Amino acid sequence: MTVSDLFKFKDERTKVLHFTWFAFFVSFFTWYNMAPMATTMLAELNWLTPEHIAALGILNVALTIPARIIIGSLLDKYGPRVVYSGLLIIMSIPAFVFAFGDSWAQIAISRLILGSIGASFVIGIRMVSEWYPPKDVGFAEGIYGGWGNFGSAAAAMILPWIALTMFGGDNGWRYALALTGLFCLVYGIIYYFAVRDTPEGKVLLKPKKSGAMEVSSWGDMVQLIFWTIPLGGALALSAWRLEGMGFLSETFLYVTWIIIGLVFIYQVYKILQVNVPLLKKGVPEDDQYKFKNVAALNSTYFANFGAELAIISMLPMFFQLTFSLTPATAGLIAASFAFINLVARPLGGVLSDRMGSRRKIMLIYMFGISLGLVGMGFIDSSWPIVLAVAVVVLTSVFIQGAEGATFAVIPMIKKRITGQIAGMSGAYGNVGATIYLTLYTFVSSQQFFFILAGGAFVSFVICYFMLEEPKNSFADEYYESSADQAQVMEELSEELTGEEKVKKAL
């Protein structure tokens, strides 16, 4: 796959790629619609305070973690086309409620629910992997992630103009926010009719059982349970932050923790329910995979995407205070970190496709992140600002390239559960951001960069010892086990039987 292939619009897989990255773009454009409108909301709603805005920021990502797990399971069962369309259409409702909400309860609850749209990312990972073979999937996934992720930057640039110039008036900001909900609703319908899950003649492989990720050994099942703990832990941490800010009572905090604990127990029950019968029966050798590869990629996304979300949240203020800049100038410089996504993430996928070893590319990127963040930790007012920006941009190239490299590997671990693997690894990105931003409240900016560097280096070590080169990394087709092939034959047989029934009826 080359860059010129992106402009072959008559090619169906190219069309699917463009429709899918734009679905992700619409999702992030809607998800991040609050930040550029925050100051306007503070001015227009006299009861709203900066503390409310900070709380909304926490609520905005709280449900993204469980949503990515749930969506990953749903898309493996029902297919990405239906799930993507359904998510966009359903999320238009809280977008409208948030736009026209007049009370804290309305705004807070709608923002909490709207955070689920962040799970949209994992749907496209499965969709793109269905249309692109292993040898090209890294580049395709990079385009999907990098171009779609730009929706957040587009919201920051476009929504203020829509609110103040296009609509204007006291309620201009409300109409601008509502417009993002309208985009979700309309594009959800368009996406449903514009794409299909797989190329003609290809079967969408599905898990043997739904409800939890399949594993191949008893040890892997223990690992799966262990790696499930931090997902609930991040939610518990978010609740603790809200309680500390005065938005939750101590009683409600404990109730929330109990609910999170019960959900975790239910998750463990589902893991056991799905896997114990499979493991007792025995998983055929050619159908096995090693969960340690999933764990390694959980760690990479924790360290790279988690760091990206955390840095984006604090970088404008860091530049403003360190170099005595105006908020506008500091924001423009900090925006360079996000702009790099358009190129850096696809580049990570391309290098993973072209350099002969996806594992080595992953290791290089994670080590590069560590060095770049150490460099950012030394930035102070004595630095020339040009050099500071150069270090930030270079670090961004490694961080976002590592994200592309991560999802160049995920579709090859176990094809039929790609959605669940992508959901778990994607959720770990939000876990990373939650933990990092909590730590940021206790340390200086320079110390924070060193903490991020430490997280990236730990991930490098984990990948060095745990991540393996996937099967069929650069082949024309994904690896299929005997169980996968049997499922394909069964699906095709059912289709033929259906066609015969139609012919007889006619």
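Is tyrosine 32 buried, partly exposed or exposed, at 21% relative accessibility? Tyrosine 32 counts as partly exposed at that value, where buried means under 20% relative accessible area, exposed over 50%, and partly exposed in between, with a 1.4 Å probe and protein chains only.

This is a predicted model, in which local features need pLDDT of at least 70, side-chain atom pairs count only at pLDDT 80 or more, and totals for chains, interfaces and linings use all residues. Residues are numbered from 1 along each chain as its sequence is written, and side-chain values use heavy atoms, with hydrogens and water left out. Helices are DSSP runs of H or I with at least four residues, numbered from the N terminus.

- Because 12 of the 12 residues of helix 7 are buried, helix 7 is largely enclosed by the rest of the structure.
- Among the buried residues of helix 7 are Phe121, Arg126, Glu130 and Trp131.
- The 16 residues of helix 8 should span 22 Å, and its end C-alpha atoms are 22 Å apart, in agreement.
- The axes of helix 7 and helix 8 (residues 134-149) come within 10 Å and cross at roughly 150 degrees; axes are lines fitted to C-alpha atoms over the stretch in contact, and angles run from 0 to 180 degrees between N-to-C directions.
- The two helices are therefore roughly antiparallel to each other, a term for angles over 145 degrees.
- Their crossing is right-handed, meaning that the near helix is turned clockwise from the far one by less than a right angle.
- Ser120, Phe121, Gly124, Ile125, Val128 and Ser129 in helix 7 meet Val137, Ala140, Glu141, Tyr144 and Gly145 in helix 8, where contact means heavy atoms within 4.5 Å.
- By class, this contact has six nonpolar, four polar and one charged residues; Ala, Val, Leu, Ile, Met, Phe, Trp, Tyr, Cys and Pro count as nonpolar, Asp, Glu, Lys and Arg as charged, and the others, Gly among them, as polar.

**Helix 3 and helix 11**

- Helix 3 (residues 50-62) and helix 11 (residues 218-244) have axes that come within 10 Å and cross at roughly 165 degrees.
- That angle makes helix 3 roughly antiparallel to helix 11.
- The crossing of helix 3 and helix 11 is left-handed.
- From helix 3, Ala55, Ile58, Leu59 and Ala62 meet Leu235, Ser238, Arg241 and Leu242 of helix 11.
- Six nonpolar, one polar and one charged residues make up this contact.

**Individual residues**

- Tyrosine 32 lies in the loop between helix 1 (12-31) and helix 2 (38-44).
- Beyond its neighbours within four places in sequence, tyrosine 32 is in contact with Ser152, Ala155 and Leu309.
- Leucine 315 belongs to helix 13 (residues 291-323) and is buried, with a relative accessible area of 1%.
- Not counting residues up to four places away in sequence, leucine 315 touches Ala334, Phe337, Met376, Val392 and Phe449.
- Serine 324 is in the loop between helix 13 and helix 14 (327-339), and at 69% relative accessibility serine 324 counts as exposed.
- Phi of serine 324 is near 55 degrees, a positive value in a residue other than glycine.

Notes. Parallel < 35°, antiparallel > 145°, perpendicular 65-115°, else oblique. Expected span 1.5 Å × (residues − 1).
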